[in-house]
Amino acid sequence: MDKYVIAGRKRLEGSVKISGAKNSTLPILAACLLSQGTCILEDIPHIEDVRVMKDVLEHLGCRVRWDMNRMEVDAGGMKRTEASDALARKMRASNLVLGPLLGRFGSARIYAPGGCNIGDRPMDQHIKGLKLMGVEIVEKGGFIDARVKKLRGADIHLDMPSVGATENLMMAAALADGTTLLRNAAREPEIVDLQNFLNAMGAKIKGAGLDVIRIDGVKKLGEAEHTVIPDRIEAGTYMVAAAITHGDVEICNVIPEHLEPVMAKLREAGAMVSVDGDRIRVKAEGRLNAVDVRTLPYPGFPTDMQPQMMALLATAEGTSVISESIFDRRYQHVDELRRMGVKVKLEGNVAVIHGVEVLDGAFVEATDLRAGAALVLAGLMAEDATIIENISHIDRGYENLDLKFRGLGARITRISKA
Ligand code: UD1
């Protein structure tokens, strides 16, 4: 297994270009299943989760070409409606094919495991919505078998604004008979991106970004071209990197509005954050101050930035409190960060962090994607070397992470077992 070796205590400077968003790319690739023809997508990041989604589509019979950051998906001739369970075990977001398969073929079989490293991740909201649209569902042994003669529009109120349920239901409803109203829908920017792509294919959807989305079903969806939005979590990770190394970094190709919650927290902690068009500059002249953070659905502070923020607060002056309110086991990074000298107490979903001036390099292990990102950030400011094992987790969501950090002056090397 590959590892990263980081020699820390290097101030980061310069500019870094952000890639297309993982969490936009995955549902948009699933949405290609709804098309009778070929869809062309730009700014597709070369990351492991996208490779898995490409395999999922190919297993279902799509023809996929991926050249640089452009992907062409031809779902015209595909007929298979049983997704690969081996691929679902690799990436739970493959459950996003459920809605499109039902929309296009009226039948789907997917594997949906119940929990993962960051918490329980049931699909009850996806299933509740689909049942209201007339789908018969049998759940057995981790598999979901779903069948419907013709989807019909429905009035659906989600118990919580689940991102995945909102996306699956939007995609199913796009080809349903009649109108679907999705209430208490997720408002993440990736939902708006999915709406824009579906509408480019001929769907009639409005309201994404608000808490009620209206989908007027259409008979069929065709070809479309689309550029995915920049990855706000990748951008946030580099913003924290600038702050934790007391550096000065320009983060390019971002939609600053999507990063408001992260910018606000960094400013509150004392960093200088400025916006110029599609660029954000983050500068820190010394240790930041402690701040409290609560993760919430968008536009609240993103749970996908919580581990990285913890790494930053571990080196801030004073005591910070983090409350994780989205996932129930999202503190896997804590034990690893403790090896690096981070002082943190956990009680339920609350972490109390006493900032220290300097972290120590250590042998640590990435336990999930964002936990891995937090370890990289801690390693960048630690005394001595940090060795991060199991970086396949980091590969799931960061394109060229070591190259991008080296471009900012970091001393980070990837050691390949091969
Ligand atoms: C997506 C993101 C992930 C991010 C998360 C929250 C993708 C591919 N992944 O994941 O990076 O961390 O949003 O912003 O976009 N829940 C239920 N029942 C359901 C569905 C969800 O109880 O049917 C709960 C989950 O257990 C979790 C919370 O709702 O506690 C949020 O989950 P959800 O918004 O669905 O996250 P994902 O779509 O899986």
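Two strands pair if DSSP finds at least two bridges between them. Strands (E, at least two residues) and helices (H or I, at least four) are DSSP runs, numbered from the N terminus.

This is a predicted model: local features need pLDDT of at least 70, side-chain atom pairs count only at pLDDT 80 or more, and totals for chains, interfaces and linings use all residues. Residues are numbered from 1 along each chain as its sequence is written, and side-chain values use heavy atoms, without hydrogens and water.

Start with the hairpin. E9 and E10 form it, with 2 residues between them. Strand E9 covers residues 136-140, strand E10 residues 143-147. They run antiparallel, joined by 5 bridges. Val138 stands opposite Asp145 in E10. In the turn, Gly141 has a positive phi of about 60°.

Next, the open sheet. Its 4 strands follow the order E23-E24-E1-E25, with mixed pairing. Which strands sit at the edges? Strand E23 (363-365) and strand E25 (411-415), each pairing on one side only. Strand E1 (residues 3-7) runs antiparallel to E25, through 5 bridges. Ala7 stands opposite Arg411 in E25.

Helix H12 (residues 369-381) lies across E1, E23, strand E24 (385-389) and E25. H12 runs at about 30° to E1. Axes are lines fitted to C-alpha atoms, for helices over the stretch in contact, and angles run from 0 to 180 degrees between N-to-C directions. Contact means heavy atoms within 4.5 Å.

Last, a helix pair. Helix H4 (residues 98-105) and helix H6 (residues 163-173) pack at about 10°, axes 7 Å apart. The contact includes Leu98 of H4 and Met171 of H6.
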